[in-house]
Amino acid sequence: MNIKKYIHIVLSTMVILLYIVLFIGHEYIFSNDLHEKQINKYSIEQINKEDLKIHFINVGQADCILIEKGYNSMIIDAGNDEDSNLVFRYLKRQNIDKFDYVIGTHAHQDHIGGLDDVINSYDIDNVIFPKQVHKTNVYKSFIKAVNAKGIQLHSPNVGETFKFGKATFEIMAPNSIKYEKSNDYSIVIKLTYGDNTFLFAGDAEYVSEYEMLDNELDITADLIKIGHHGGSTSTSKDFINKVNPKYAVVTSVSNKHGYPSYKIISRLRNMGIEIYRTSEYGNIVVASDGRNITFYTNNN
Ligand SMILES: [Zn+2]
């Protein structure tokens with residue numbers, strides 16, 4: 001066999017092997033995490049009015065989380081600027097007319113893009129936002145809306161707790177004043193209702209995760225909103241081990257830009273955590289009576 005032919009065969013074999021590995025990886029990550037048995041078709045009547053409700057509104061590669069408890073409501077982020085109509089329709093369906101708390105986790109547009117419209121359109125008691133300044137237009141619109149309402153932005157302090165009806169939430173991050181990465185400014189909160197706990201990780205990455213660990217904060221939770229759409233620079237092994245959740249919600253589209261990352265999904269699966277992805281379920285609603293957590297979806 002001449003050397004050229006040999007190289008050709010070796011290269012072809014490598015390409016075929018690479019293709020197989022990629023294909024299996026691709027199939028693995030896209031093989032869904034649907035738990036048809038545990039999830040109910042969403043119907044507002046089905047959920048007990050007394051329950052705490054957490055709506056992960058499907059805004060694609062972005063975050064928008066509505067939380068309701070009786071007459072109290074709060075919103076964590078509001079998707080991109082162009083998600084406003086979708087978010088408004090959703091809020092209207094839930095008969096939301098005011099917010100006790102609006103939390104902008106950090107200055108990126110997939111989080112605060114739609115918040116200016118929410119602030120302009122609803123009665124709002126408190127706006128919580130990290131000490132982060134950005135040059136973008138979405139940031140400017142957000143600040144403009146806050147100022148127009150005469151609201152004083154509240155900068156979160158770790159350990160600070162807020163009352164939310166019969167629930168409470170506590171600030172877990174940011175633990176520093178300055179970060180290299182914008183995502184690490186993310187406000188992370190832990191919401192407690194009865195025996196149930198929920199950790200909303202914003203887009204916090206390793207640096208912020210290790211600060212929470214180093215400061216020995218009680219980040220354990222039944223459910224975690226996975227940081228940064230399941231990207232590989234969040235959800236470190238140490239962090240997720242400490243949180244030790246039963247459920248994980250991932251807000252992303254299906255893996256187009258490496259979100260969620262194969263590595264993170266495998267990590268969660270290997271820990272036996274049930275994964276719920278907005279890319280598979282659409283809007284995900286989590287109800288808690290203070291003891292039990294139930295999942296609902298309306299698939300859009
Ligand atoms: Zn994001």
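**Reading a predicted fold**

Me: How many residues does the largest nonpolar core have, and which of them have the most contacts inside it?

Reply: The largest nonpolar core has 77 residues, and those with the most contacts inside it are I65, I75, V102, V188, L199, A248 and V249. Such a core is a set of buried Ala, Val, Leu, Ile, Met, Phe, Trp, Tyr and Cys residues joined through C-beta atoms within 7 Å. A residue is called buried if 20 or more other C-beta atoms lie within 10 Å of its own, exposed if 12 or fewer do, and partly exposed in between, with C-beta atoms placed from the backbone. This is a predicted model, in which local features need pLDDT of at least 70 and side-chain atom pairs count only at pLDDT 80 or more, whereas totals for chains, interfaces and linings use all residues. Residues are numbered from 1 along each chain as its sequence is written.

Me: With which residues is V249 in contact, leaving aside its neighbours within four places in sequence?

Reply: Two residues are in contact if their C-beta atoms, placed from the backbone, lie within 7 Å. With those sequence neighbours left aside, the partners of V249 are F56, L223, K225, I226, Y276 and I284. For the chain as a whole, residues 24 or more positions apart account for 67% of the contacts with a separation of 6 or more, and buried residues make up 46% of the 300 residues.

Me: How many helices and strands does the chain have, and in what order do the strands of the open sheet stand?

Reply: Helices (H or I, at least four residues) and strands (E, at least two) are DSSP runs numbered from the N terminus, and the chain comes to 9 helices and 16 strands. Two strands pair if DSSP finds at least two bridges between them. Here 7 strands form an open sheet with mixed pairing, in the order β8-β9-β10-β11-β12-β13-β14. Because β8 (161-164) and β14 (274-277) each have a single partner strand, they stand at the edges, and one side of each is left without a neighbour in the sheet. From one strand to the next the twist averages 20°, where axes are lines fitted to C-alpha atoms (for helices over the stretch in contact) and angles run from 0 to 180 degrees between N-to-C directions.

Me: In what sense does β9 pair with β8 and with β10?

Reply: Strands of a sheet pair through backbone hydrogen bonds, either parallel or antiparallel. The pairing of β8 and β9 is antiparallel, over 4 bridges, and K163 stands opposite T168, while F164 faces A167. The hairpin of these two strands has 2 residues between them, and G165 takes a positive phi near 55° there. On to β10, β9 again pairs in the antiparallel sense, over 5 bridges, with T168 opposite T192. As for cover, 5 of the 7 residues of β9 are buried.

Me: Which residues of helix α2 are buried, and which exposed residues does the face turned away from them carry?

Reply: In α2 (residues 84-93) the buried residues are S84, L86, V87 and L91, and they lie on the same side of the helix because they cover an arc of only 160° around the axis. They pack against β3 (64-69), β4 (72-78) and α4 (115-121), whereas N85, R89, K92 and R93 are exposed on the face turned away. In α8 (residues 262-270), I264, I265 and L268 are buried; their arc is only 100°, so they too are on the same side of the helix.

Me: Where is the cis peptide bond, and what is the phi of H228 and of H229?

Reply: Most residues other than glycine have a negative phi, and most peptide bonds are trans. The peptide bond from A173 to P174 is cis, with omega near 10°, and P174 lies in the loop between β9 (167-173) and β10 (188-193). Phi is positive in H228, near 50°, and in H229, about 60°. H228 is placed in the loop between β12 (223-225) and α7 (237-243), where H229 is also found. H228 counts as buried because it has 27 C-beta neighbours inside 10 Å, and H229 is buried with 25. Just after α2, N95 likewise takes a positive phi, of about 55°.

How values were computed
Arc of directions from axis to C-beta.
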